[in-house]
Amino acid sequence: MRESAVQRHDRLLALVRESGTARIADLATRLGVSPVTVRRDVEALTRKGLVDRAHGSVSWPRPRTGKPAAGGTAPVIGLLAPSATYYFSEVIHGAHEAAARAGARLVLRISDYRPAEDRARAEGLLAAGAEGLLVAPGWRGRADPAEHGGWLAELPVPVVLLEREADPGGPLAGLDRVSSDHGHGVLLALRHLVEQGHPAPLLVARTDSPTALAVRAGYDRALCALGLERPHPVIDAPVNRDPEGFEIGVQALWTAVTSGRASAALVHNDVDAIQLVQRLAELGVRVPGELALIAYDDEVAALADTPLTAVAPPKREVGRLAAELLLERLGRGSGPVGAGGAGGGTGSAPRRHLTLLPRLQVRASCGAAGAVEATEATGATGREHS
């Protein structure tokens with residue numbers, strides 16, 4: 001089987017890390033490719049900050065920010081994310097900031113929501129020198145953790161799960177993890193709409209991402225906590241994945257509103273919410289005139305024609321705390337996790353599941369008088385999946 005560019009990059013990184021500095025010509029010989037190919041690979045890796053390039057040679061990068069690590073070497077931590085845009089962009093930025101403060105180097109890999117490829121991507125990070133991993137698997141369905149997650153518990157380095165839950169009693173239940181409490185976020189949204197005088201709000205949510213599934217599960221719990229009955233089956237209106245299904249979802253919501261059975265809805269995610277509002281307007285249903293609407297994610301909700309009230313998971317804080325926790329496991333921290341440092345603990349410290357609470361950013365779409373950027377806060381906590 002022909003070697004892919006990703007596999008070749010992993011071998012190149014392993015060679016450079018082993019030697020510290022290597023000549024382009026020597027790398028070409030050891031990799032069995034032309035010097036032109038190596039130069040092209042080095043240029044790509046240099047743009048990502050994975051190597052330093054000099055005339056005719058390439059070097060393992062030195063830490064440029066933060067304090068030096070123990071022994072004068074910069075720790076390397078790997079981050080595997082399903083996407084570098086939309087939701088996970090903020091998670092990645094938070095992890096990068098925490099790593100930089102600790103004098104560590106963060107290496108990123110993207111799975112593009114292909115859970116079957118997560119293991120190979122993680123192994124690539126280890127080949128690039130990662131001493132520990134932050135992992136947000138590319139799961140999309142309920143069966144993915146069992147089918148594509150067991151290998152995480154077998155890795156030879158510390159692992160922290162990002163924005164993912166593990167099945168109780170399963171092989172991943174004992175891993176450290178940092179995640180948003182999406183059930184709490186749903187409760188914030190529904191309670192706000194009910195306090196505005198609306199009957200039980202509807203839910204519009206996909207079934208193809210862990211966040212969407214968590215929002216669906218949190219919906220029934222929130223209704224129960226508020227003493228409400230579900231007013232309508234959950235509506236699935238996937239814009240990009242299934243245009244026909246999206247239109248069916250739009251018609252279901254339109255019917256519920258125009259028949260008087262619903263006047264409020266929570267929609268996961270921002271992109272779906274914005275396009276849903278646009279389509280409803282074409283059908284004569286205005287937001288917030290006939291429908292009060294809250295989006296979930298708060299990535300681009302404020303940019304809608306009518307700024308959308310949105311639940312905002314603490315994405316950057318998730319990345320920051322996860323990186324601090326991982327650095328603590330590696331013995332590279334400088335203070336207690338959650339207080340701006342990673343702690344001086346060891347890998348034998350108790351495992352932790354840190355759950356951060358989302359906030360509600362109140363804007364115009366739910367009809368709250370005078371609310372443009374008010375915030376209801378109750379805790380610290382490209383693609384449109386999350």
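Biologist: Which residues of α8 are buried?

Modeller: Buried means under 20% relative accessible area; exposed is over 50%, and partly exposed lies in between (1.4 Å probe, protein chains only). In α8 the buried set is Thr211, Ala212, Leu213, Val215, Arg216, Gly218, Tyr219, Ala222 and Leu223. An α-helix has 3.6 residues a turn, so residues three or four places apart point the same way.

This is a predicted model: local features need pLDDT of at least 70, side-chain atom pairs count only at pLDDT 80 or more, and totals for chains, interfaces and linings use all residues. Residues are numbered from 1 along each chain as its sequence is written, and side-chain values use heavy atoms, without hydrogens and water.

Biologist: What covers the buried residues of α8?

Modeller: Look for contact, meaning heavy atoms within 4.5 Å. Elements are DSSP runs numbered from the N terminus: helices are H or I with at least four residues, strands E with at least two. The cover over α8 includes α7 (182-195), β9 (202-204), β10 and β11 (292-296).

Biologist: What span should the 16 residues of α8 have?

Modeller: Take 1.5 Å times one less than the number of residues. For α8 (residues 210-225) that gives 22 Å, and the end C-alpha atoms are 22 Å apart, which agrees. Gly227 follows α8, with a positive phi near 70°.

Biologist: What does the side chain of Asn269 reach at the start of α10?

Modeller: Check for a polar contact: N or O atoms within 3.5 Å; within protein, one must be able to donate a hydrogen and the other to accept it, and residues adjacent in sequence count only if both atoms are side-chain atoms. Here a side-chain oxygen of Asn269 comes to within 3.1 Å of the backbone nitrogen of Val271. Asn269 sits in the loop between β10 (264-268) and α10 (270-282). Asn269 is buried, at 0% relative accessible area.

Biologist: Which elements do the buried residues of α10 pack against?

Modeller: They pack against β9, α9 (243-258), β10 and β11. Just after α10, Gly284 takes a positive phi of about 90°.

Biologist: How many disulfides does a search of the whole structure find?

Modeller: A disulfide is a pair of cysteine sulfur atoms within 2.5 Å. The search finds zero. Cys224 is exposed, because its relative accessibility is 62%. Cys366 is buried, at 2%.
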